[in-house]
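Hi everyone, thanks for coming. Let's take a friendly walk through one structure together, so please have a look at the screen.

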Amino acid sequence: MANNNKKHAGHLDGAEMTAQGLSFKGVIMEEIVDKCEGCERILEFQGKKYCPSYPRPAGKWHFGVCNFATHVRSAVDKEGKVKINPLKASKRAARGR
Ligand code: SF4
């Protein structure tokens, strides 16, 4: 447990780069997608970004907004369309209200 100095470093402890991609706890992790950018859950491993919550972030966004995203929130407008609203840092801080 030497490299505990980085924020969240523990989450990808034991991850290994393999020919298939980053292997973590027996699961191949795919890199995050553009829509994840800004999410506080993103972790970097060897210069690439991964999500500790979902090994396949792209799949998470396939059906709309990722429900674990910390940077955006989905809202359904009157016509039933899903809208993606960026969350401001200040709103995030107030989230725990
Ligand atoms: S929690 Fe969702 S938005 Fe955040 S990095 Fe993971 S998949 Fe992307």
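Here is a question to start with: is Val 76 buried or exposed? Val 76 is exposed, because its relative accessible area is 60%. For these words, buried means under 20% relative accessible area, exposed means over 50%, and partly exposed is in between, with a 1.4 Å probe and protein chains only.

Before we go on, a word about where this comes from. This is a predicted model, in which local features need pLDDT of at least 70 and side-chain atom pairs count only at pLDDT 80 or more, while totals for chains, interfaces and linings use all residues. Residues are numbered from 1 along each chain as its sequence is written, and side-chain values use heavy atoms, with hydrogens and water left out.

Back to Val 76. Val 76 belongs to strand β6, which covers residues 72-76. Leaving aside residues up to four places away in sequence, Val 76 touches Lys 81 and Val 82. A contact here means heavy atoms within 4.5 Å.

Now the whole chain. The protein chain has two helices and seven strands, and the order along the sequence is β-β-β-β-β-α-β-β-α. Helices (H or I, at least four residues) and strands (E, at least two) are DSSP runs, numbered from the N terminus. The chain has 97 residues, and 28% of them count as buried. Among contacts with a separation of 6 or more, 33% join residues 24 or more positions apart.

Next, two loops. Lys 25 counts as exposed because its relative accessibility is 73%. Gln 46 sits in the loop between β4 (43-45) and β5 (48-50). The phi of Gln 46 is also positive, near 50°, and this residue is other than glycine. With a relative accessible area of 61%, Gln 46 is exposed.

Last stop: the ligand. Which residues are around the ligand? Among them are Cys 36, Cys 39, Cys 51 and Cys 66, along with Trp 61 and His 71; to be included, a residue needs a heavy atom within 4 Å of the ligand. The shell divides into 10 nonpolar residues, one polar and one charged. In this scheme Ala, Val, Leu, Ile, Met, Phe, Trp, Tyr, Cys and Pro are nonpolar, Asp, Glu, Lys and Arg are charged, and the others, Gly among them, are polar.
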